[in-house]
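Here are my notes on the model, point by point. Please read them with the structure open.

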Amino acid sequence: MSRLQDQDFTYWFLREAFGWDVVLQVTWMFDSPPAAAAVRSVADALAASRLHRRLVRPRIPVARPSWVRSTADAALTIQDAPVPADERDEWARALLRTTDLDAEAGRCWAVHLAPDDRGGAVLSLTCLHLVADGRALTSAATDAVAATRTASPVPSETSLRRPGLVSDLVDAGLQVGRAAVGTARAVHAAVTSRPADSATDPVAPSPERSARPARSVPAVRAPRADPSWVVVDTDTDHWAERAARYGGTPNSLFVAVVAGALYASGYAAPGDPVRIGVPVSLRGPDAADDERSNATGGVTVVVDDRPSAGGDLGPVRARCRAAFTAVGAGERPAAYHLQSLLQVLPIALVTRVVMAGPSGMPDAVASNLGRFDGLARVGDATATSVSFRGDARGVRPDRPERFGEGVQSWLLETEGRTTFAVAGFDETCVGSVSALRDAVRAELEAWGVRGDVA
């Protein structure tokens, strides 16, 4: 038995406060379909994995909800009706908002397979972010497709027992103590922290250029609350070569392309700073034994002008490296330490606090999940493309809350392909697929990257 951790709280809060479920998805595109038996094997493996959990509310309000093993059947749908080949991604995206997922009912994930009208197929795995972060989900998917070529999976050992009243009382006491310690650390961090000094730190943006330009609230710029999507697919070696050509890494090129798309779309004007949220895995070398649902932190990389497309990636690379180094050294902003306090306060109070201040969302998110060998191979079939994405289900257009700001993107590598999905949330700039595609394609072409943008 395990309880929700600090990194899970965001998704629990969104669920309780706004009625949202943040859903993640891995999508496989095949020219030749995988066998139905192989896809059933994937579902069976997932039913034996860490994803197959059920959330139990505590009896004591301050205690954290607990995870127990789900007794629900494997969630598998194999569709007979073909999907038009040029609408496969649209079919998969619809599952982000329509799949019946419910953590408290033990339905945290689902697998869907559909043929297309050209002899291929599309496979989708959707999962609640509450039960897994990007790396945990993609790792589980990699293990599950490996099970289509190996022995049967070993059942999960997650406890079936619901925690008792004494356990909830103990956890409530621990939470109160953690809130007190976290508050003290937040005060200390606020007192001792100092802003970066660009005179001594060449990586830091100059203070006069790091101020975020004023923008209308996200709900005004996204009245439909319906993001546009494109998927970029390129050769991994080619992507790495282009990054090295300009003094960068594959990750810094990814950040530069995502940041550049903000400028290319008109979201930011030349000289305006943009803030790029870059998720960082907090799992150690024994990640396979890490049962946490979410173990991801985040850093903010400030780009104070449009990266010079086709120019030097060095500044972006240096700022990413400095941010990662700071996280590795344990440096955290004062607000980070208040997570434990927020968890013991009433949701209604936390909601009022969050909504009273300015939006804390970055202008863009660039999430590099990494390399997953074998992920594309399901039984005897190998996908031509595997992509990852996330979105919030339940966002209401008539409400002021929104899940994204400018753009968000998720990148993964498998079988020599680098693929990233891009979501455009600001409808005034990337409110259509064509506008988002044009912005992303302009950045890729400027950096000399060959690839498909669909």
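1. Five strands make an open sheet with mixed pairing, in the order 5-6-7-2-14. Strand 5 (76–78) and strand 14 (385–393) are the edge strands, and each pairs on one side only. Neighbouring strands here are turned by 15° against each other on average, direction ignored. Strands are DSSP E runs of at least two residues, helices are H or I runs of at least four, and both are numbered from the N terminus. Two strands pair if DSSP finds at least two bridges between them.

2. A caution on the source: this is a predicted model, in which local features need pLDDT of at least 70 and side-chain atom pairs count only at pLDDT 80 or more, while totals for chains, interfaces and linings use all residues. Residues are numbered from 1 along each chain as its sequence is written, and side-chain values use heavy atoms, with hydrogens and water left out.

3. Strand 2 (residues 21–30) pairs with strand 14 in the antiparallel sense, over nine bridges. In this pairing, Trp28 stands opposite Val386 of strand 14. Helix 4 packs on this sheet, touching strand 2, strand 7 and strand 14. Contact means heavy atoms within 4.5 Å. The direction of helix 4 makes about 40° with that of strand 2. Axes are lines fitted to C-alpha atoms, for helices over the stretch in contact; angles run from 0 to 180 degrees between N-to-C directions.

4. A second open sheet has seven strands in the order 10-9-11-15-16-8-17, again with mixed pairing. Strand 10 (296–303) and strand 17 (452–453) stand at the edges with a single partner strand each, so one side of each has no neighbour in the sheet. Strand 11 (residues 364–371) runs parallel to strand 15 (residues 407–414), joined by seven bridges. Arg371 stands opposite Glu413 in strand 15. Helix 4 (residues 134–146) packs on this sheet too, touching strand 9 (274–281), strand 11 and strand 15.

5. Look at Thr234, in strand 8. Thr234 is buried, at 1% relative accessible area. Buried means under 20% (1.4 Å probe, protein chains only). A polar atom of the Thr234 side chain lies 2.5 Å from the backbone oxygen of Arg450. Thr234 also touches other residues, including Trp239, Gly416 and Val449.

6. How many disulfides are found? Zero, in a search of the whole structure. The criterion is a pair of cysteine sulfur atoms within 2.5 Å. The sulfur of Cys127 is 6.7 Å from its closest cysteine sulfur, in Cys108, too far for a bond. Cys127 is buried, at 0% relative accessible area.

Note on methods
Buried < 20%, exposed > 50% of the residue type's maximum accessible area, 1.4 Å probe, protein only. Polar contact = N/O pair within 3.5 Å; in protein donor to acceptor, adjacent residues only side chain to side chain. Lists of a residue's contacts leave out its neighbours within four places in sequence.
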